[in-house]
Amino acid sequence: MRKYLFSAGFALLVAATSLSIAVMTPPAFASEIKYVVNDIPVTTGDIAHRAAFLKLQRKKGDAAQEMIDQTLRMAEAKRLGIRISDAQVEAAYQRFASSNKMQLSQLDGVMEKSGVSKGHFKEFIRAQMAWNQALSARYRSGDGTGAVSEQDLVRKMLEKGGAKPSATEYMLQQVIFVVPAAERSATLAKRKREADAMRARFNGCNTTREFAKGLIDVTVRDLGRVLAPQLPADWAEQVKATKVGGATATRETDRGVEFIGICSSREVSDDKVAQMVFQGESSGDKNADELSKKYVDELKAKARIVKR
């Protein structure tokens, strides 16, 4: 479910393209509504940018259909409460540039001169990140679409000699330096400095609220016990790499600036752990593209798609 955004081949192609299109004039796209997908417009400009994106990837595909599918995916992610912040998208865009040894201005140039546009590429990134989370939520939700049944659980345990798998159980605490959306551009940097200072003083969950007393708009939430397979993808690696009594690095989110404190951890082995571990293995065995297509087809069957 955590399939990443781009293939290595595409990354190399973008890097190479940055040299070959330097003298090209970017195409101009007129923009009028071509489709309405559940009251959300898809324009001829959107479709033209996606066609340019497919060409840049040297990939065959139906640009209009891709934009319809992306619109359905984003609407479903929104329904599930999944929102990818501008900061997350910018960070992914910068990582993509860095991994290909390009300056941001070079990557911007590739996107603009190829007719893709950096705005379209960033929305593609946002959609991919949101859809990965939606897929994960659906196929690990335990609603029968990806859950491991009791019979499957027993069978898998017998296959492994009767032993139940173990997993790390964390006691976590979340600290949020709240930044209202209207004040984000003016106060985010200051709030990040404050969060970094508090995070540097963090020495266990018992003193967090005491540290937060003199600070404005700081929320401390006890997240309780969380098993390693349940950790949100955005935090999982940092939590696993942080020692008990320490805190993850601060990161910008929709709410403001946050970090996670590791109160305690222990290895546990029970039916719930076994179900989660085996369920994760089961999901990994399935083809992610097939699961994604099945999900989109279900959304499409219920959607109102009108061609103008």
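Reader: How many helices and strands does the chain have?
Author: The model shown above is predicted. In this model, the secondary structure of the chain comprises 12 helices and 7 strands.

Reader: What percentage of the residues of the chain count as buried?
Author: A residue is called buried when its relative accessible area is under 20%. The chain has 308 residues, and the share of them that count as buried is 43%.

Reader: Which element gives the largest share of the largest nonpolar core?
Author: This core has 29 residues, and those touching the most other members are L107, M111, V116, F121, I125 and W131. Two or more residues are given to the core by each of α2, α4, α5 (104-113), α6 and α12 (288-302). The largest share, 9 residues, comes from helix α6.

Reader: How many residues are in the second, separate core?
Author: Among the members of this second core are V179, A212, V257 and F259.

Reader: Are α4 and α6 roughly parallel or roughly perpendicular to each other?
Author: Two packed helices are described by the angle between their axes and the distance between the axes. Helix α4 (residues 86-99) and helix α6 (residues 118-139) have axes 10 Å apart and pack at an angle of about 110°. An angle from 65 to 115 degrees counts as roughly perpendicular. The relation of α4 to α6 is therefore roughly perpendicular.

Reader: How many charged residues are in the contact of α4 with α6?
Author: On the side of α4 the contact is made by D86, Q88, V89, E90, A92, Y93 and F96, and on the side of α6 by K118, F121, K122, I125, R126 and M129. By class, the contact has 7 nonpolar residues and 1 polar residue, while the number of charged residues is 5.

Reader: Is K122 buried or exposed?
Author: K122 belongs to helix α6. With residues up to four places away in sequence not counted, K122 touches V89, E90 and Y93. The relative accessible area of K122 is 14%, and the cut-off for a buried residue is under 20%. K122 is therefore buried.

Reader: At roughly what angle do the axes of α2 and α6 cross?
Author: In the contact, D46, H49, R50 and F53 of α2 meet H120, F121 and F124 of α6. These residues divide into 3 nonpolar, 2 polar and 2 charged. The two helices are roughly perpendicular to each other. The axes of helix α2 (residues 44-57) and α6 come within 10 Å and cross at roughly 85°.

Reader: How far apart in space are D69 and D297, C-alpha to C-alpha?
Author: D69 lies in helix α3 (residues 63-79) and counts as buried at 14% relative accessibility. Leaving aside neighbours within four places in sequence, D69 is in contact with V296 and K300. D69 and D297 are 228 residues apart in sequence, yet their C-alpha to C-alpha separation is 8.9 Å.

Reader: What arc around the axis do the buried residues of α10 cover?
Author: The buried residues of helix α10 (residues 233-241) are W235, A236 and V239. They lie on the same side of α10, because the arc they cover around the axis is only 120°.

Methods: Residues are numbered from 1 along each chain as its sequence is written. This is a predicted model: local features need pLDDT of at least 70, side-chain atom pairs count only at pLDDT 80 or more; totals for chains, interfaces and linings use all residues. Side-chain values use heavy atoms; hydrogens and water are left out. Buried means under 20% relative accessible area, exposed over 50%, partly exposed in between (1.4 Å probe, protein chains only). Helices (H or I, at least four residues) and strands (E, at least two) are DSSP runs, numbered from the N terminus. The arc is that of the directions from the helix axis to the C-beta atoms. Axes are lines fitted to C-alpha atoms, for helices over the stretch in contact, and angles run from 0 to 180 degrees between N-to-C directions. Angles under 35 degrees count as roughly parallel, over 145 as roughly antiparallel, 65 to 115 as roughly perpendicular and the rest as oblique. Contact means heavy atoms within 4.5 Å. Ala, Val, Leu, Ile, Met, Phe, Trp, Tyr, Cys and Pro count as nonpolar, Asp, Glu, Lys and Arg as charged, and the others, Gly among them, as polar. A nonpolar core is a set of buried Ala, Val, Leu, Ile, Met, Phe, Trp, Tyr and Cys residues joined through side-chain atoms within 4.5 Å.
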